[in-house]
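The following note sets out several points on the model shown below, for a colleague who wishes to examine its architecture and packing.

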Amino acid sequence: MARRTPAVAAVGLAAALALSSCASAGTTRADASAESGLASSTTASATGAPEASSPEAGASEHTEGALPGSGSASATPSEASTATGEPGATGDPTASGTPGHASHTAPASSATQTPDPQDTVAPTAPAQSIKGGVDCSKVPCVALTFDDGPGRYTQQILDALTAAKAKATFFLIGTQIKAYPQLVKAEVAAGMQLGNHTWDHADLTRLTHAQQLAELTKVDRELAGLVGVTPVFLRPPGGALDKAEKLALKRPIADWSVDTEDWRTRNTAQTIKVASSAKPGDIVLMHDIHASTAAAVPQIVKNLQAKGYHLVTLTELIGQHPTLGIAYGWGQKPGGPKHS
Ligand code: NI
């Protein structure tokens, strides 16, 4: 059973799990940021090396390559070049086989060493328009979401979704956008919704408000330049922000109501089982940086569609006018009660 009660406790647990898994890296990055007074994106490069070799980071939410059999350390040249569109330029941050937050820090070390004052200037590009064709107040809907990409399995997931006429939302990390710009374009072309997951997977709870804004605005600006739109929804890494911080960011926030824990189990059957237990109105959390998750998606889609559920973007699920500062997630139904 994916549904757990009480709702707030369930979300809190999910957030706590995610936070604990990222605690060491998040602390390092934030501490460095506090000392320097710079946005965390500029300090990520300084902490990248220690994080990448940190043994405990192998258990983190975003490790790629720690799991035997994930295939992450054996990227074929075709995979890498197809996925990145920049073969050899930035490398494949998720294919290095290096434990830790390499997927977040590797691109930063090569691309964001110099602080850019413009990072905090809001882009002028419009928010991504999600038309959709599904009215979730009339038909049962589930929103699949994928965090921490794009990555080397994103195209595989896009293909599976597209083949089944399913939509999803991808919460992107800025450094991954830099590494895989073509995949971001592919997501938009496939009608998927983009979400903001911070520039370098920062633990926003450890940043000042100004630093939080820089983390988000830098992603917006990158996407504005790349695909001409900005994301509507924010998903804070770990899902945790207190109420005042959520309100201050003035963005709709999407947490989740079904946590597959795919990053932890790296188990395709388990990911299928949990995701397929979603009920109408649920937001399912997965990560498109894991082979086990990519392998699970076709069956998840099949199972949910077999129940008559429409697989939709967050905007379709929640509506065109989401409330700012609200963390949608647990049990959120269109028109239903919101949790904060
Ligand atoms: Ni994440």
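Which residues lie on one side of β7 and which on the other, and are they buried or exposed?

1. Basis of the note. The model is a predicted one, in which local features require pLDDT of at least 70 and side-chain atom pairs count only at pLDDT 80 or more, while totals for chains, interfaces and linings use all residues. Residue numbers start from 1 along each chain as its sequence is written.

2. Strand β7. In reply to the opening question, Ile283, Leu285 and His287 lie on one side of β7, Val284 and Met286 lie on the other, and all are buried. A residue is buried if 20 or more other C-beta atoms, placed from the backbone, lie within 10 Å of its own, exposed if 12 or fewer, and partly exposed in between. Because five of the five residues of β7 are buried, the strand is largely enclosed by the rest of the structure. Helices (H or I, at least four residues) and strands (E, at least two) are DSSP runs numbered from the N terminus.

3. Pairing around β7. Strands β1 and β7 pair in the parallel sense over five bridges; pairing requires that DSSP find at least two bridges between two strands. Ala143 has Ile283 of β7 as its bridge partner. Strands β6 and β7 also run parallel, joined by two bridges, and Asp259 has Leu285 of β7 as its bridge partner.

4. Strand β2. Strand β1 (residues 141–149) pairs with β2 in the parallel sense over five bridges, and Asp147 has Phe171 as its bridge partner in β2. Ala168, Phe170 and Leu172 point one way from β2, Thr169 and Phe171 point the other way, and all are buried. Since five of the five residues of β2 (residues 168–172) are buried, this strand is largely enclosed by the rest of the structure. In a regular strand the side chains alternate between the two faces of the sheet.

5. Nonpolar core. The largest nonpolar core has 65 residues, of which Val142, Ala143, Ala275, Val284 and Leu311 touch the most other members. Such a core is a set of buried Ala, Val, Leu, Ile, Met, Phe, Trp, Tyr and Cys residues joined through C-beta atoms within 7 Å. Helix α12 provides the largest share of this core, seven residues. Leaving aside neighbours within four places in sequence, Val284 is in contact with residues including Val142, Ala143, Trp256, Val258 and Ala275; contact requires C-beta atoms, placed from the backbone, within 7 Å.

6. Thr271, Ile272, Val274 and Ala275 are the buried residues of α11 (residues 268–275). These buried residues pack against β6 (258–259), α10 (262–265), β7 (283–287) and α12. Ser276 is located in the loop between α11 and β7 and counts as buried because 22 C-beta neighbours lie inside 10 Å. Leaving aside neighbours within four places in sequence, Ser276 is in contact with Ile300, Asn303 and Leu304.

7. Helices α5 and α12. Helix α5 (residues 154–163) packs with helix α12 (residues 291–306) at an angle of about 10°, with the axes 9 Å apart. The two helices are therefore roughly parallel. Gln156, Ile157, Ala160 and Leu161 of α5 make the contact with Ala294, Val297, Pro298 and Val301 of α12. By class, seven of these residues are nonpolar, one is polar and none is charged. Axes are lines fitted to C-alpha atoms, for helices over the stretch in contact, and angles run from 0 to 180 degrees between N-to-C directions. Angles under 35 degrees count as roughly parallel, over 145 as roughly antiparallel, 65 to 115 as roughly perpendicular and the rest as oblique.

8. Helices α7 and α8. Helix α7 (residues 181–189) and helix α8 (residues 209–227) pack at about 75°, with axes 10 Å apart, and are therefore roughly perpendicular. Pro181, Val184, Lys185 and Val188 of α7 meet Leu223, Leu226 and Val227 of α8. This contact has six nonpolar, no polar and one charged residues; Ala, Val, Leu, Ile, Met, Phe, Trp, Tyr, Cys and Pro count as nonpolar, Asp, Glu, Lys and Arg as charged, and the others, Gly among them, as polar.

9. Whole chain. The chain comprises 13 helices and nine strands, and 55% of its 340 residues count as buried.

Note on methods
Contact = placed C-beta atoms within 7 Å.
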